[in-house]
Amino acid sequence: MTDAPATPPRPTRLIATDLDGTLLHDDKTVSGRTIAALAAAEKAGIEVFFVTGRPARWMDVVSDHVHGHGLAICANGAAVVDLHRENRIVEVSPLDHTVALDVVRALREAAPGTTFAVERTSGIHYEPQYPPFLLDPAAVIAPAEKLLAEGFAAPSRPGPTNGVGSACDHPVLKLLAHHPELDPDAFLALARATSGHLASFTRSSPTALLEISGLGVSKAGTLARCCAERGISPDEVVAFGDMPNDIEMLTWAGTSYAMANAHPDVLAATTGRTASNNDDGVAAVIEQILRQR
């Protein structure tokens, strides 16, 4: 069931949706109903943007389901990716490595026991104590200070180049910080209080795992630029999300929906509610939008 917001002030021209916990089922698949709804929206002239914290290399799950422009916004707004060109990164808003080092020092002092990973355009690299959420055989394992050093050389990867640097010049997209004991929301609040003047902090994991981007970088900012390029106003955008890293996008869009499984802060920030990710909540709203056209 969907709890519809007030009628959008203008017809919908663009749908912006998060992936994990929103569009994707918990098993990381896209349902047949959702695939059909996305295709119907684009056939009706509504552009679809996937807007996710995922890196480009994790976008294959939806790369067949975006049409037209072929673009997706990844790494919480730090990268724009062309899904029609083997997930090639075409735009980057990097986190300066010296700023990232300042954040590392600040969080080590404020929350002892914090460990770090560094997400570059070439892939992820992490400290020895960082939890192995998803092991990457090409990752460099070393202290954050080494991973963030100027001139850090990442190993070569198979597949297309990302188009934004040489093999030893891959910008930092995100710094990840994990704490084994702190409450996730308390960790986020602490990080923002101690280092919010240095970078942008958010979270999308159920664990105490922070995602740290360049100051001012967000899903909302990059989506706003993509919409401006197309002459699309916020009032013409419908957005979906479930976690704190979606809040800025949801409050920027003229119409926004929280999933039934959303974080309480997301439920408070949105104009509408829809069913959970496992119950195809995004598809239900798209179907409703198309019936009203």
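The largest nonpolar core in this predicted model has 34 residues, and F50, M59 and V62 touch the most other members. Several elements each supply at least two residues of this core, among them helix 1 (19-23), helix 2 (32-43), strand 2 (47-51) and helix 9 (281-291). Helix 9 gives the largest share, five residues. In soluble globular proteins, nonpolar side chains tend to be buried together.

Beyond its neighbours within four places in sequence, V62 is in contact with L19, L23, L24, V30, F50 and L83. There is also a second, separate core of 26 residues, which includes F116, A144, L148 and A208.

Now turn to the loop between helix 1 and helix 2, where you will find H25. Is H25 buried or exposed? H25 counts as buried because its relative accessibility is 18%, and the cut-off for buried is under 20%. Its side chain reaches the backbone oxygen of N278 at 3.5 Å. Leaving out residues up to four places away in sequence, H25 touches S31, N277, N278 and D280.

Next comes an open sheet of five strands, in the order 7-6-8-10-9 with antiparallel pairing. Strand 7 (123-126) and strand 9 (199-202) each have a single partner strand, so one side of each is left without a neighbour in the sheet. Within the sheet, strand 8 (residues 172-178) and strand 10 (residues 209-214) are joined by four bridges, and L175 stands opposite I212 in strand 10.

Two helices lie across these strands. Helix 3 (residues 97-110) runs at about 5° to strand 8, while helix 5 (residues 184-195) runs at about 170° to strand 9.

Key
Residues are numbered from 1 along each chain as its sequence is written. This is a predicted model: local features need pLDDT of at least 70, side-chain atom pairs count only at pLDDT 80 or more; totals for chains, interfaces and linings use all residues. Side-chain values use heavy atoms; hydrogens and water are left out. A nonpolar core is a set of buried Ala, Val, Leu, Ile, Met, Phe, Trp, Tyr and Cys residues joined through side-chain atoms within 4.5 Å. Buried means under 20% relative accessible area, exposed over 50%, partly exposed in between (1.4 Å probe, protein chains only). Contact means heavy atoms within 4.5 Å. A polar contact is a pair of N or O atoms within 3.5 Å; within protein, one must be able to donate a hydrogen and the other to accept it, and residues adjacent in sequence count only if both atoms are side-chain atoms. Two strands pair if DSSP finds at least two bridges between them. Axes are lines fitted to C-alpha atoms, for helices over the stretch in contact, and angles run from 0 to 180 degrees between N-to-C directions.
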